[in-house]
Amino acid sequence: MSHASRTAPRICPLCEATCGLTLTIEGTTVTGARGDRDDIFSRGFICPKGASFGGLDADPDRLRVPLVRGEDGELREASWDEAFDRIAARIPALAEAHGPQAVGVVLGNPNVHTMAGSLYPPLLLAALRTRNVFTASTLDQMPKHVSSGLLFGDANAIPVPDLDRTDHLLLIGANPLESNGSLCTAPDFPGRLRALRRRGSTLTVIDPRRTRTARLADRHVAIRPGADALLLAAMAHVLLEEKLTDPGALAEHLEGADELAVALADFTPDAVAAACDVDAATITALARELAAAPTAAVYGRIGSCTVEHGTLASWLVDVLNILTGNLDRPGGALFPLSATARAPRAAAPGKGFALGRWASRVSGHPEAKGELPTAALAEEIETPGEGRIRALIVLAANPVLSAPDGDRLDAALAGHLDFMVSVDPYLNETSRHADVVLPPPPPSQSAHFDFAFNSFAVHNQVRYTRAPIPLEDGRMDESEIHARLILAVSGMHGAPPSAVDDLAITTAITKAGAPKELADELTGRSGPERRLDLMLRLGPYGLTLERLLAHPHGIDLGPLKPRVPEILRTRSGRIELFPAPIAADLPRLRRALGDRPAPLVLVGRRHLRSNNSWMHNVVSLSGGSNVCTLQVHPDDAARLGLVDGATVRIESAGGGIEAPAEITDTVRSGVVSLPHGWGHSRPGTRMAVAAAHPGANVNQLLDGTLLDPLSGTAVLNAIPVTVTPSP
């Protein structure tokens, strides 16, 4: 039977760029995807992930109905009612018997790529009252949240580079031509960088690898991995010592500048040069060029976050932006204002940001932003005692691959939990341990709004797309899955899912001080749409869902604008340039001046055709450059007796793995590189494409003991390793 072809708009949910797509649909099948030329933000750009939307959407390995573990220990298909009955019978009973801390929650990064994953987890955590919360942030971006919290009083007040107007962009630890950007939502990041070069602006890239982004730069500095904070501190020292600082309009909102100058006195270019393996003259030139540019922005990402001094590096990125007067001005780094943000308030002191309000049970790791280090999850499950995690709810996460020492976590999930729930479309390395697996529908059957990424967008805009394909019989909408999960764990099992949304709406209206009658004015086909309508109405632009639906390609809300002091939530009401936790950690960085690294250290890398571990099962995205190889410089390969394409053994504190060698001068000597998210070789999964090309799990080289102390983020880069030919 033939079906007429039609097209429909859909925002791509597969990375942080949030590009607009035009889907070609025949019947209920997506047969093609191209960039939406009318999208007000992405203007037709598309990457290989977006072009593969149909393949991911129709992946035959995606689960379609719930799985429940039977008495024989095997997972079997079950009805939705049976799955939620099982959850309602187990989770509340375990929490009542052992306390709320007996239930742990793990949130993966795909949550921020869906409406349900953004709207419902906060309600789940409130219902559970557990402090055992672990997310992908402590494997990636938590240092930036912590540094922003300490500087501005709000952990989510993260400035982004004004890519389209800056005269000088300095990237450190970032490779947006492969990642499409991170904590900086910018469709067609490559095109924006090329436009930057065409208009005569300067691009500087600091990275131990000559990435595609580095090849585009005016200046590429091949820093020694892990030395980012030292180099940035030396640049700040030059600005202060040579009196090149000019905070401009920020001056009246700053405190701590004098203390900062004293604290950075030891970090001269000469003092840090050996540790960074960057000569003092280059460091001095970097600082002077930054100060001399009419406008400039410093942007750091995962390479500078997932290291021993990740929070200090993230803080110093904004210190440089502040000292040069480039924070909160056009062409510098600004704070986006999304359509669903709280309406701006008058500037006033706030509650501030605190670290370590509680600590993990076993190792005493302090919380950050309400989260504990994911690297501590295994010990919290396997270590006996009061407060041990006995039940685990995993939402769109695969920590067996993404967290350090996956073997240990794998064993903990298998042998030490009383009950586990996974919300996941796949039976993967983590969800295979669950007692109940709840699969959300494919993206084509889901509406989409970017609550998180619009807060990091380089241009203010708003877009919403309804599901282009009706929900398939037997499937459940992801929002209903989350709502029923909340009801099941909170003692309200059997209540209508709409009760969760109604409560959320009532609470939001009360908190905003809005009239309760506003609830009756909300429109939308579903609870999530009504909640979106409310957030738009209460937001800074006074929009409505109806207006948004009338603009299927989005509404342009204008370029980023200065927002200080309204964004400040510090107790002082000012930018606290040298907060106490930073001051307390700075001696640790000072001690690193005398460190000399191991002969060989490992760094990760990103692939344009994947996103961590959750796109390796799509045929059209496998192969090509998307392979798990250990990149080695030719000099190191010759010294170690390595042959291109031959299997090598990599060993470190956490263990050893094997991978094919790729000999290339794109990585500097003394450094090897292996991509993140691989290791699809464990039994019991149902991901045929990934299993056929499993790769090696780089995180198995880590034992999980090395963390950035301020943020609890696992150190994933600059890891000492040895590499030998495989026997």
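The lining of the second largest pocket in this predicted model divides into 20 nonpolar, six polar and six charged residues. That makes a lining of 32 residues, and those nearest the centre of the pocket are Pro225, Gly226, Glu308, Asp595 and Ala718. The volume of the pocket comes to about 560 Å³.

Five cavities of 30 Å³ or more are counted in the model, and the largest cavity holds about 90 Å³ of space. Around this largest cavity stand 14 lining residues, with Lys144, Pro159, Val298, Tyr299 and Gly300 nearest its centre. At least two lining residues are supplied by each of β8 (160-161), β13 (297-300) and α15 (310-323). Sorted by class, the lining of the largest cavity contains nine nonpolar, two polar and three charged residues.

The largest nonpolar core has 64 residues, and the members touching the most other members are Leu231, Met235 and Trp315. Two or more residues of this core come from each of α6 (142-152), β9 (168-172), α10 (228-241), α11 (257-263), α12 (269-276), α13 (280-292), α15 and α24 (580-591). Of these elements, α10 provides the largest share, with ten residues. Another core, of 47 residues, lies apart from the largest one and includes Ala83, Tyr120, Leu487 and Leu545.

The cysteines complete the picture. A disulfide is a covalent bond between the sulfur atoms of two cysteines. How many disulfides does a search of the whole structure find? The search finds zero. For Cys47, the nearest cysteine sulfur belongs to Cys15 and is 5.3 Å away, whereas a disulfide requires the two sulfur atoms to lie within 2.5 Å. Cys47 is therefore in no disulfide, and this residue is buried, with a relative accessible area of 9%. Cys184 is likewise in no disulfide, and the nearest cysteine sulfur, again that of Cys15, is 12 Å away. Cys184 is buried as well, its relative accessible area being 0%.

Terms used: Residues numbered from 1 in each chain as written. Predicted model: local features only at pLDDT ≥ 70, side-chain atom pairs only at ≥ 80, totals over all residues. Heavy atoms only, no water. 1 Å grid on protein atoms, 1.4 Å probe; cavity = no way out; pocket = protein on both sides within 12 Å on 5 of 7 lines; lining within 4 Å. Points joined across faces, edges and corners; volume = space filled by probe spheres on them. Helix = DSSP H or I, 4+ residues; strand = E, 2+ residues; numbered from the N terminus. Nonpolar A, V, L, I, M, F, W, Y, C, P; charged D, E, K, R; others polar. Core = buried A, V, L, I, M, F, W, Y, C linked by side-chain atoms within 4.5 Å. Buried < 20%, exposed > 50% of the residue type's maximum accessible area, 1.4 Å probe, protein only.
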